Amino acid sequence: MSTKSALITGITGQDGAYLSQLLLQKGYAVHGLLPRRSTDTLWRLRELGVDRDVRLHDGDLTDLSSLIRAMEASKAIEVYNLGAQSFVGSSWQQPILTAQVDGVGALNVLEAVRIVNPEARFYQASTSEMFGLIQAEMQDERTLFHPRSPYGVAKLMAHWATVNYRESFGLHASSGILFNHESPLRGIEFVTRKVSDAVARIKLGKAKELRLGNIDAKRDWGFAGDYVEAMWLMLQQPQADDYVVATGITTTVRDMCRIAFGHAGLSMDEHLVIDPAFFRPAEVDVLLGNPGKAKAKLGWTPKTSLEQLITMMVDADLRRLGAVKRLEPERLPGSRIE
Ligand code: NAP
Ligand code: G4F
């Protein structure tokens, strides 16, 4: 039997790294799109010990010709579009770039699939940010969207483009409406990792305070390692469809912080400073997903609690910052054991 081949855009991101690891474990040949950067972006793949097992193709989501070449070279039968300017906060400063990468970029990938191999299955990384100003207490696949950021608006375009290519051209194109998911590989700009990094620094005497914005915001947080499994399951279904992926539990930023400080034996109230600079022009006050359809149709359930997730992140940052001399990738959750 020939090896199945998958192409991942955003392979160097948090989800790209975990998905690469999962697909390699399943025997896929894993290909990734690598946008040109002046710095080393392979650290996540290295931390999971998979950097030498994936094949990388120069390309960018805004460059259709590079996507066509990556499709041709990889011979992918599954395409996961995870690439994005994914930080909501930056999308007010770079709205046009966010629209081009997150919105038109997804359309470019759909076009590359349609041109090179319309039989290939396609996954779009949609987001709970599309619900924004929520229209139902618990959001599911039928909840109306009301994005609150340029990021949410761009992602909504990509979401509808995915639905439209399914309906127009019969592509096996699915959209995963994923709620926030985190891990030790999360970018430092996102609130959970900002907190875990700061808690570790304070614990080790390298910092004194943590400055945050709106700590009353509520999010439905899960573990990225669990969520990439749902992406893969969507592409194994006979029919393409859209799925909410979430835990069904929502928690304030304040309470998430409390878990992190508590795990390190520190008092949050002694170190946390509220800084107006981190408030957003328009906030998504609360997100709470209903993963009922993913459970029923994909057999997917989240396995990691918020407490387990946040303590794992604080522990990883303590290790990185020198609580032990050398970072030991094999001790990171989900790491490959040689
Ligand atoms: P991430 O860590 O920020 O990764 C984003 C990836 O996209 C990186 O590999 C980045 O490469 C790449 N990228 C950025 N601009 C690109 C361009 N012009 N061309 C090609 N690649 C580009 O994000 P993540 O947390 O893994 O999320 C994966 C996807 O799921 C994203 O689309 C995100 O919007 C979406 N999503 C995430 C969450 C969540 O809670 N994590 C929830 C719902 C949806 P560089 O690092 O080199 O820029
Ligand atoms: O961690 P965040 O930056 O994530 P946000 O905005 O919810 O977006 C993430 O999840 C989306 C899915 O819902 C993804 F689509 C998106 O790509 C990204 O992965 O902020 C979470 C909450 C917000 O309400 C924010 O205002 O935390 C609040 N917050 C308070 N202080 C802060 C801070 N967020 C950040 N990043 N930094 C702060 O200092």
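The legends below describe several close-up views of a predicted model. Local features need pLDDT of at least 70 and side-chain atom pairs count only at pLDDT 80 or more, while totals for chains, interfaces and linings use all residues; side-chain values use heavy atoms, with hydrogens and water left out. Residues are numbered from 1 along each chain as its sequence is written, and chains are lettered from A and ligands numbered from 1 in the order in which they are written.

**View 1. The two domains of the protein.** Domain 1 covers residues 5-181 + 222-245, and domain 2 covers 187-220 + 249-287 + 304-331, with bounds that come from an automatic or database domain assignment. Taken over C-alpha atoms, the centres of domain 1 and domain 2 are 26 Å apart.

**View 2. The interface of domain 1 and domain 2.** Here 22 residues of domain 1 are in contact with 19 residues of domain 2, where contact means heavy atoms within 4.5 Å. Together the two domains bury about 1,900 Å², of which 57% lies on carbon and sulfur atoms; buried area is the accessible area (1.4 Å probe) that two parts lose on being put together, summed over both. Across this interface the rule finds two salt bridges, a salt bridge being a side-chain nitrogen of Lys or Arg within 4 Å of a carboxyl oxygen of Asp or Glu.

**View 3. A salt bridge of arginine 219.** The side chain of arginine 219 meets that of glutamate 129 in a salt bridge, with 4.0 Å from N to O. A polar side-chain atom of arginine 219 also lies 2.8 Å from an oxygen atom of ligand 2.

**View 4. The surroundings of ligand 1.** There are 25 residues around ligand 1, and Thr12, Asp15, Ser86, Tyr151 and Lys155 come nearest; a residue is near a molecule if one of its heavy atoms lies within 4 Å of it. A backbone N or O atom of aspartate 15 is 2.8 Å from an oxygen atom of the ligand, and an N or O atom in the side chain of lysine 155 is 2.7 Å from an oxygen atom of ligand 1. For arginine 186, a side-chain N or O atom is 3.2 Å from a nitrogen atom of ligand 1.

**View 5. The surroundings of ligand 2.** Of the 24 residues around ligand 2, those that come nearest are Thr127, Ser128, Tyr151, Arg280 and Glu283. A polar side-chain atom of arginine 280 lies 2.6 Å from an oxygen atom of ligand 2, whereas glycine 213 places a backbone N or O atom 2.8 Å from a nitrogen atom of this ligand.

How values were computed:
Polar contact = N/O pair within 3.5 Å; in protein donor to acceptor, adjacent residues only side chain to side chain.
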